[in-house]
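Please look over the structure below.

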Amino acid sequence: MNYKNEFPLWLHVTEKSGIRRIQEPITIGIPFPKGLVSDLSALAMYTENDEVIPLQAQVTTRWNDQSIQWALLDFLMNVEPHETMSCRLECQESPLSHPQDATLSFTQHSDDNVVETGAASFFLNPMVFTPFKRVVVDGVDRLDERRTSFILTDVKGQRHEPQISRMVVESHGPVRLTLRFDGVFSNNDIAAFRFIARLSFFAGSTTVMLKFTLHNPQAARHPGGCWDLGDDGSLFFKDFSWQLALRESGKSEHGWNVDSHEPMSSAETSSLEIYQDSSGGPNWNSPNHVNRFGQVRQRYPGYRVMRDGVVLQEGKRATPSLSIKQADIALSGTIQHFWQNFPKALEAEDQQIRLRLFPHQFDDDYELQGGEQKTHTCVVAFTKSVSPELAVNWIHDSLRPVISPEWYAGTKAIPYLSPRSEQKNVGYAQYIDTAIQEPDSWVSRREQIDEYGWRHFGEVYADHEAVNSSVSPPFISHYNNQYDVIYGLVIEYLRTGEERWFLLMQDLVKHVIDIDIYHTREDRPAYNGGLFWHTDHYADAATATHRTYSRMNREKYGACSSYGGGPSNEHNYTTGLLCYHFLTGDPLGAEAVQGLADWVINMDDPQGTILGKLDRRPTGLASSTVERAYHGPGRGAGNSVNALIDAYVLTKEKCYLLKAEELIQRCIHPRDDISRHQLEDIEHRWSYTVFLAAVGKYLDWKVAEGELDQRFVYARAALLHYAEWMVEHEVPYNQVLDRVEIPTETWPAQDMRKSHVLNVAAKYAEGTLRTTCQKKARFFFDACLTDLNSFKTCTLTRPVVLVMTNGYVQAYCDLHPDEAAPLPSQSDDFGFPKKFTPQGDELYRLRETLSGLVGRLKRMSKYIITLRWLD
């Protein structure tokens, strides 16, 4: 089916929270079909009344003909409560004849840096991230610099300031200016903390948005492969706050609300405090929140408002804002996801407000694990409005423009995407929607273990692990983006335009980037920058948080000495992160994708090991699956190839594509004797389809780049060789559950991967094989849904993710049955497969042999001792 991707493109913005929006900043990534847009300066945006909306646009990535594939747009909108506004994007033959106002400027000086927005002048401290030295509104300096600072307080009560080591302009246009600051915290042992801060300013506005990442760059020590709280690589602190103050200017009052939908209350008080101690949910004191001693230190369910030291109000979940009002100016501020990221506090005292990201009111020290970070978003504003909350409340529920699913599908920017409205299988859509339907949506399932708090919010509860666990509820288990649930959420959002998919995706991305990725360079290459596995199967997370292996499980279950581990190539998911970056422009998404691809390259690099100077063969850590010696098709190599392709799409750096091609040729060959891989051993070899899907993705991007070279021919021939085997040998997993250790609902869900692979293979096949692949793909799609529904547990998280991330391909192929890839003009006999042997293979085998001998000798000695005792 063809869609008319032509201008104008309509964007629809609906205000759902009952808040008046005044020049609210909006950032959105938009894809364009190949050849449609070549010059962003020709883009223009208009209201329904043909008024020009000032627009900022930058290229995110391009097609191979250099036309724009994804662009990031910034604009400002006024929307009344519960109103829907529509604006249209046009592509002019030439840029607008009336230039947009250039009110947003940035200049650097020796003693300060100055941002002019047209409504205020912000003078920035170039040495210490306070971040402001002066804020001038209406020609008057409103800021009290002496009482404005960012302060981290350690467990000894010492205060430390963030020292700036680097500042760069990350984005600058007529609508938004974003500055990035990198640095460290000063003095003694606290210097190990690092930070990244992004300040965004907006044209004609006194509002500033801050995204602040606090980072522990040290490696965890993880003794015995266990990653518990209290590790020697952790850093501890007591408070981390941003405080800003107005200059003394006569009488003032404090304003506050605890619900962003409501106007502020005002009073003349000495001090005001809004403190969120826990989620306020039914399981607010869940063992999910244990500290390193196994203690839960939350004291009460929800928040308290204190005025002059007296409890004024109590409640469950606050989305507050706070202000100090003087005669002609108000300073207001808030923290995004205030209650969700508890503990949090907002305070006002005299002329000062404090945004406590990690508040000292909490009854414990804070622990940032080695390689862990946390990013908070805050908004402050210096306004003359009688309703200062309007300048900051929007961050609690920001506007999100909606574009038709037909536009997204028609651009081909995301392969195999089709609108949900054209889905032929209604049962498939109903099954997927169980993730957002109440009363058992994924958001509601957070309540089961209270998946909230600064370390947990956004995570998906791994409820499938609880089914076979002997642990008493609540059973704590974290999903850690297994099978790329982020990508599945992106797909459903683009197919439907349903906001709930976007919100799930956005919250999960922020959690995965901060908590699930190991942000260090000080550990071994196999771990540095990697993604932690989900919580250990059927074992409570205990004090391992989101890092899989806990010493408590080793002790409790008597696990063998091999228990433990760390990040692995078999758990590496990047495509959802890449799409998130394209949709939002968030640089953290791009950094995560490239970092995970670099992890693949580094773990396979022989120079990163003690054998590097003697043995130059790759380590094989990027391509092994289940066993060190297995380098055939499997999810380890498949995830590595996928991450490398995503990094190539993002950066266009050939090193990523070349490494992907190296791994493809290492693990698969057009003349493979497939029987040697023992793919019928489904317990250990089921994931070969993950690898084949990655090969299909590689072929798709080679076609998009116009590179039908020898490497393309090789990969195509290999994929079709395995597809032929699948057509002849594969059956639904429900028919062979006797071959698996635990026959759960996940096995029939994995059949959706077979449908995915065979649909892609059909695109590259000819004649009878093409038709057979299409029929078999449909067969596995139907079998998956039928067999899944025979399980009462079919709507648990993991099977839904598997169907969501693979089944959309069948929906697309149903609509485009005749779509075929171009045939290569060259051919090759490819030679014969060569066995890959990783670095140190001989030493490893020798060690295994000696270990086996030692084991046999120990058993023999015990036998001899027993005989002597009996004698």
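## A patch on the surface

Leu846 is partly exposed, with a relative accessible area of 48%. Buried means under 20% relative accessible area, exposed over 50%, and partly exposed in between (1.4 Å probe, protein chains only). Leu846 sits in helix α19, residues 841-870. Helices (H or I, at least four residues) and strands (E, at least two) are DSSP runs, numbered from the N terminus.

Leu846 also belongs to a nonpolar surface patch with Leu843, Leu850 and Leu853. Together the four have about 370 Å² of accessible area. Areas come from the Shrake-Rupley method with a 1.4 Å probe; for residues, only the protein chains shown count as cover. Patch residues have over 30% relative accessible area and no salt bridge; nonpolar side chains (Val, Leu, Ile, Met, Phe, Trp, Tyr) are joined within 5 Å, like charges within 9 Å. A salt bridge is a side-chain nitrogen of Lys or Arg within 4 Å of a carboxyl oxygen of Asp or Glu.

## Basis of the model

This is a predicted model: local features need pLDDT of at least 70, side-chain atom pairs count only at pLDDT 80 or more, and totals for chains, interfaces and linings use all residues. Residues are numbered from 1 along each chain as its sequence is written, and side-chain values use heavy atoms, without hydrogens and water.

## A covered helix

α17 is mostly covered: 10 of its 10 residues are buried. Among them are Thr797, Pro799, Met804 and Asn806.

## The largest cavity

The whole structure holds 6 cavities of 30 Å³ or more. On a 1 Å grid over the protein atoms alone, a cavity is a set of points where a 1.4 Å probe fits but cannot get out; lining residues have an atom within 4 Å of a point. Points are joined across faces, edges and corners, and a volume is the space filled by probe spheres set on them.

The largest cavity has about 630 Å³ of space. It is lined by 35 residues; Tyr487, Thr575, Asn642, Lys697 and Tyr808 lie nearest its centre. α13 gives the most to this lining, with 7 residues. Elements that supply at least two residues each include β6, α10 and α17. The lining divides into 19 nonpolar, 10 polar and 6 charged residues. Ala, Val, Leu, Ile, Met, Phe, Trp, Tyr, Cys and Pro count as nonpolar, Asp, Glu, Lys and Arg as charged, and the others, Gly among them, as polar.

## The second largest cavity

The second largest cavity has a volume of about 350 Å³. Of its 27 lining residues, His289, Val290, Asn291, Trp454 and Arg455 are closest to its centre.

Technical notes:
1 Å grid on protein atoms, 1.4 Å probe; cavity = no way out; pocket = protein on both sides within 12 Å on 5 of 7 lines; lining within 4 Å.
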